[in-house]
Amino acid sequence: MVGAVCLTFSEFGFRASLLLVASWLASSFPANSVEPSSVSIRWHTNSNQPAVEVVGLNEETLRHLLNTNWQSEEWQKLLSVYAGQGDSMTMNVPAMIGSYRIQNDAIRFEPKFPWQRGLTYRAVYRAAGLSARIDKASGQIISKFSLPAAPYNPTTIVSQIYPSGDVLPENLLKFYVHFSAPMQGGHIYEHIHLRDEAGHSVELPFLELEEELWNAEMTRLTLFIDPGRIKRGVKPLEEVGPALEEGKRYTLEIDAAWLDNMGMPLRESFRKAFRVSAQDRDPPSLQTWKISAPKAGTRDALTVAFPEPMDQALALRLIRVASPSGRLVQGTSALAAHEQVWSFRPQEFWTVGAHQLQVQNTIEDLAGNNIGKVFEVDLFDNVQRRFTNAVIKLSFEVR
Amino acid sequence: MKMLRFSFVLFLAIFTHSTVRAETTDWFAGMREGKPELKSISQLAFGPAGILFVADTKAAAIIALDTSDTKSTSDTKPIKIEGINQKVAGLLGTSADQILINDLVVNPISRNAYLAISRGRGPDAVPVLARVKASSELEVVSLDKIRFSRGDLPDAPVDGVVGEGNRQSNPRQESITDIAFLEDRVLIAGLSSEEFASTLRAIPFPFKKVEHGTSVEIYHGAHGRFETRAPIRTFVPFNVGNQPSLLAAYTCTPLVQFPISELKPGAKIKGKTIAELGNRNRPLDMIVYQKDGKDYILMANSSRGIMKIDTDKIEKAESITEHVQGGGTRGQPYETIASWAGVDQLDKLDSQHALVIRHGDGLLLNLESLPLP
């Protein structure tokens, strides 16, 4: 506690002198406080608990701050941390949000979100934000910290595009693009190209929705061909032609510039070349499916051969097997022969008896035809004949 | 005024019984204070009394938030924030390219704008709600302690199943493409990521829990000779005369007219095409506004810029039942507002202005108010 009273000054300038002397003494002979210049900024770069601390403050300052009832706005006047990258360092960017408190004799700021690689962070401590009574000598302190960008190491690739065959119908409805690791979304259509034989890009073939159609892990993307670009029966298309034309060859390219969730581009581009066959307006029918029944007492695969490739995701989700008792048989399904063969391996041994293949009629072939219903975005049908969801059952014997 | 063939904008007029609703609905019924655990934030829509509906696609739920933002204003100050994505990035300690602005809505009571933001673009992206006040001040809305209620969407419905959905053991994944509040329901347009199936459902608000989840009603865009499975891109409530209705922009439908019926479970929504948009059109956002005593639709779309569509005579508009052949045109007249290029998000700010987010230099997005054309 600094409290020297100098009796050498005349009463006239007494009070002023007192202040002058007191502050001189405070800055020159701090009793149990540290030198003002020892105030510094410390970064905690452990990503588990990111924090920035102002340390080296004197006791009075800390005590004063402990007693304030400041909201974020007031704390920010004292200590602000800014995130920037390149040009944005000079822009008028607001301070990062987070929590402030006094802890371990320091002002501690914990940002709401973890530090990000490749960014430069700038912490600014402004002692002018403190009231006049306390240590202001430290003025303004600026400290910077950067987490270097991760070393360039692209590893993610497109692992498969379904349908996997290389002959696709002119009224193909969709592609599923599978990645080997989680990807980043947003602006994805910049990286997806459908090119004709001459290498020209087909203009806007896909339905570009703001709500991109990813699975939860972002390892699978669904691309719908814009149904407005699919030739519909005999009705001609206006303006822009069809996306795919029978007899022609195309390449679907996923370019490597697409970033994965680690911020790395793909290791390489992926190209799927295919030829286009006639329109498929034949709805799938279970009568045409060939079931090869397994032997009882084994865990051999049950296989079903389709006359045409089916939609990969729906074939895996919408086909089940029921035992003679009616209970669903647990097991694993898989597709082979370019999604033309479905196989099912049970967990338990097959029992003897009449089993059932149960298929939801919303299953689709590559043109989006359902069981018993040709694909149409708009149906010019008598509305009485409504399509209702049903499970179609097909029996087979296990001997 | 240009007349053009449109095929996407479908006008669905839903005439409900205009029962005089006594203002006794407690919109906050069922809400509790706490932290709504949002998994994602895609679409926003305002309901009554400052209640903000948030579509959480990942959680398959609609969250109703009590923003307590009910102070009305007659302010008409212009709003401008340049590089709003850069500024949001600064607040959230990241770079502008890691910010996705998914939706923009204005609270009609307070004129404050709300943004649905994704911090990050991967599966671990964090949903954030931000707010821009009349002073062009940007802030993050804390959801740590707020009154809210939750309407879980039952599993995506299958054709022919009407009413409450059961938890299926193998449900299909759905994305929510747009939501809107109409009278006493939240309308939800959804799209599956596997089957080519789009849905339009409504859940009553305040949210009602029934045995198998939230009570839901399903509508089919169908009647007469026509049924559409096309996804709805964006829709907005709209009054035709005194009748509350819905204006919806689809991705692909030929010109048809739907007769009109009531909004009830399994109801077939009858619609009237008011404009046929070409194949390059991709509607993003739509608002309805009044100018000189007339109603207009302002539509932002990614390839044609902003279109101002006349709604004159929609009620009496001729039904278009077949494709217009050989380049002829029918439908509501419209004009393109060339000066409003690069718009990503659009909402009405007040009676004189719209609020937009549009592309600036490089990666920058700018938020600004523009006078309604």
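Me: A strand here is a DSSP run of E, at least two residues long, with numbering from the N terminus. In which strand is the place of A:E110?
Reply: Welcome to this structure, which is a predicted model. By that definition, A:E110 belongs to a strand of chain A that covers residues 106-111. The strand is β5.

Me: Is A:E110 buried, exposed or partly exposed?
Reply: A residue is buried with 20 or more other C-beta atoms within 10 Å of its own, and exposed with 12 or fewer. A:E110 has 15 C-beta neighbours inside 10 Å, so it counts as partly exposed.

Me: Which residues does A:E110 touch, not counting residues up to four places away in sequence?
Reply: Here is a contrast to start from: A:A296 is 186 residues along the chain from A:E110, and their C-alpha atoms are separated by 64 Å. Contacts, on the other hand, need C-beta atoms within 7 Å. Leaving out residues up to four places away in sequence, A:E110 touches A:P50, A:A51, A:G98 and A:S99.

Me: How many bridges pair β3(A) with strand β6 of chain A?
Reply: Strand β6 covers residues 120-126 of chain A, and its pairing with β3(A) is antiparallel. One pair of opposite residues is A:A83 and A:Y121, the latter in β6(A). The number of bridges between the two strands is six.

Me: What is the order of the five strands in the open sheet of chain B?
Reply: The pairing in this sheet is antiparallel. Its edge strands are β2 (32-34) and β3 (44-46) of chain B, and neighbouring strands are turned by 35° against each other on average, direction ignored. The order is β2-β11-β5-β4-β3.

Me: In β4(B), which residue is the bridge partner of B:L44?
Reply: β3(B) and strand β4 (residues 51-56) of chain B run antiparallel and are joined by three bridges. Within β4(B), B:L44 has as its partner B:V54.

Me: How many residues does the largest nonpolar core have?
Reply: In soluble globular proteins, nonpolar side chains tend to be buried together. Those with the most contacts inside the largest core are B:F53, B:V54, B:I62, B:I179, B:V186 and B:F235. B:F53 touches, among others, B:L44, B:I62, B:I179 and B:V186, not counting residues up to four places away in sequence. The number of residues in this core is 101.

Me: Why is helix α1 of chain B largely enclosed by the rest of the structure?
Reply: Helix α1 covers residues 84-91 of chain B. The buried residues of α1(B) include B:I84, B:K87 and B:L91. The helix is largely enclosed because the number of its residues that are buried is eight of the eight.

Me: Which residue takes a positive phi in the hairpin of β28(B) and β29(B)?
Reply: Strand β28 (residues 353-359) of chain B and β29(B) pair in the antiparallel sense over seven bridges, and B:H359 stands opposite B:L365 in β29(B). The hairpin has five residues between the strands. The one with a positive phi, near 60°, is B:G362.

Me: Where in chain B is confidence lowest, and where is it highest?
Reply: On average, chain B has a pLDDT of 76, and 67% of the residues score at least 70. Strand β18 (residues 222-223) has a mean of 34, while strand β8 (residues 113-119) is at 98.

Me: What ipTM and pTM does the predictor give the complex?
Reply: These two values describe the complex. The predictor gives an ipTM of 0.83 and a pTM of 0.85.

Terms used
Residues numbered from 1 in each chain as written. Chains lettered and ligands numbered in written order. Predicted model: local features only at pLDDT ≥ 70, side-chain atom pairs only at ≥ 80, totals over all residues. Pairing = 2+ DSSP bridges. Helix = DSSP H or I, 4+ residues; strand = E, 2+ residues; numbered from the N terminus. Contact = placed C-beta atoms within 7 Å. Core = buried A, V, L, I, M, F, W, Y, C linked by C-beta atoms within 7 Å. pLDDT = per-residue confidence, 0-100. Axes fitted to C-alpha atoms, helices over the stretch in contact; angles between N-to-C directions.
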